[in-house]
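Hi,

Here is the structure I promised to pass on. Have a look at it first, and then read on for what turned up inside.

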Amino acid sequence: MKGISMENAMMKKTPLLIGWASKDITPKGRVSLSGQYYDRLSRGVHDPLRVTAWALESAAAAGPRSQAIFVSADLVCISRRLQDKVRELVQRRLPGFDTRMLVLNTTHTHAAPAPEQAVISWLAKPTPATACYEALVLEQAASAAAAAWKARRPGGISPALGHAAMGYCRRPTYADGTAMMYGRTDRPDFTGLEGSEDHGVEMLFCWDAAKKLTGVVVNVACPAQVMEARYVVSADFFGELRKQLAKRLGRNVFVLAQVSAAGDQSPRDLTRVNRGGPTFWDEAGLVEKGRRLTDAVMEALPDAARRISFAAPFAHTATDIELPLRRVTQGEVAAARRGLAQLLAAEPKDKRSDRSAFALFLADMKRREALGGAGPYDDKSMAFVLMRNHEGVIKLHEARWRNPRFAMELHVMRLGDSAFAGNPFELFLDYGQRIKARSPAMHTFVVQLSGDRAGYLPSERAVRGGGYGALPVNGMVGPEGGRALVEATLREIDNLWK
């Protein structure tokens, strides 16, 4: 394990320099929206997409200065390659900044194009706006990071904890021991939801020297997925949060959006589907979630304004670690080959036939869409999805045995009595709760989908239940790696508190 830019363990309070910037990354034209098994060509823009940068530096009188630039983007995910490209662009603009201390995270909105849009054989070719989207994201992310760094001024911070009913477990379990993401809960064999929920909202308010609010970090254990099946561009409830805060405060306040461990969470209460109130699959749900989050921020604001710290311990580490990959066993690959052979035998010779697995999948999805109401509209138990899963297991088997380790960059930061810890996974809630409960920090901001994309990291009980999100093909790392990630994260946090 190699640590980079590790600060002295004897942490002292130092004055802080804080900077903010935000840039528009709304696509110019119709784009393929990411996040589903099927193509959704956008029909308009509900609300703009943003990339927001938060820059920090310790104003130490002597010795090395701690640095950090956190960049949050209204996207489904980013890759290590894309983050490295942003760092290269920032290095040219900020030659004195250590770009290893820049890290991106995404909010996991499913109402935005992917900046690295893959052309998959069963999807339509990307539109011109989709194809050039990566260049737009790279330029705007680098511009925001550089602008935030250049805008840093003496400032203060005040952390806070609020509560809002945002995320709910989305994996019902059944009497036979299985689990299913978005499974029906009105079945006679429904036994309960697999995991718990975390309605805590970690916040960190930032102020200028005159005690004027400049921005707020908002961390919530719920992906921004209310609009995940719509056909419009949207930043989801984080966009609504920005909008409502601007109305209530009478000015624009920067919002750095972070999603905590929430791989098994969604904005929907599955035990009360269609039992009054928004379904949380459309605009009404987006507005309601934005209101709940805005209320949490506004309720915490008065107390936060009374306890601003203009000097605080600050250190940021970026550490290269390796986690064991989730291996595909001989039994799993044999079962995948049998299952794939059976499904392929039922496929018509003409792949364009309306009886093909993909055509039937699309037809069923369109039928569900037309009915309206609560989603999801795609059925992940259909042959098309099962074929993709089987193919993925077969491809992964040999690759993961050749290289059984997953390399990642672990960012941990101490800012006053708050800790920030990033990871590249759709991390199941169990792991986030372990980190928060055992952390020595007063407030621990776990940031998933940070610095890379590595798929789901399911809990032990999720792997036992199976289903989407817990299958070997759904992520790079399993429970063994999850336990190692928790311990590595806590070790780095503990080092900053000694």
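Cavities first: this is a predicted model, and the count in it comes to 4 cavities of 30 Å³ or more. The largest cavity holds about 70 Å³ of space. If you want to find it in the viewer, its lining is made up of Arg 80, Gln 83, Val 103, Ala 407, Met 408, Glu 409, His 411, Pro 424, Ser 450, Gly 451 and Asp 452. Two elements, helix H1 (80-93) and strand E18 (405-415), each give two or more residues to that lining, and E18 gives the most, with 4 residues. Sorted by class, the lining has 4 nonpolar, 4 polar and 3 charged residues.

The second largest cavity has a volume of about 50 Å³. Around it you'll find Phe 70, Val 103, Leu 104, Asn 105, His 411, Gly 422, Val 447 and Ser 450. Here strand E7 (residues 102-106) supplies the largest share of the lining, 3 residues. By class this lining splits into 4 nonpolar and 4 polar residues, with no charged ones.

Now the cysteines. How many disulfides does the structure hold? The number is 0. Take Cys 169, which is in no disulfide: the nearest cysteine sulfur belongs to Cys 222 and is 12 Å away, whereas a disulfide needs the two sulfurs within 2.5 Å.

And is Cys 169 buried or exposed? Cys 169 counts as buried because its relative accessibility is 0%, and buried means under 20%. Cys 206 is buried too, with a relative accessible area of 0%.

Cheers

Definitions and conventions: Residues numbered from 1 in each chain as written. Predicted model: local features only at pLDDT ≥ 70, side-chain atom pairs only at ≥ 80, totals over all residues. Heavy atoms only, no water. Buried < 20%, exposed > 50% of the residue type's maximum accessible area, 1.4 Å probe, protein only. 1 Å grid on protein atoms, 1.4 Å probe; cavity = no way out; pocket = protein on both sides within 12 Å on 5 of 7 lines; lining within 4 Å. Points joined across faces, edges and corners; volume = space filled by probe spheres on them. Nonpolar A, V, L, I, M, F, W, Y, C, P; charged D, E, K, R; others polar.
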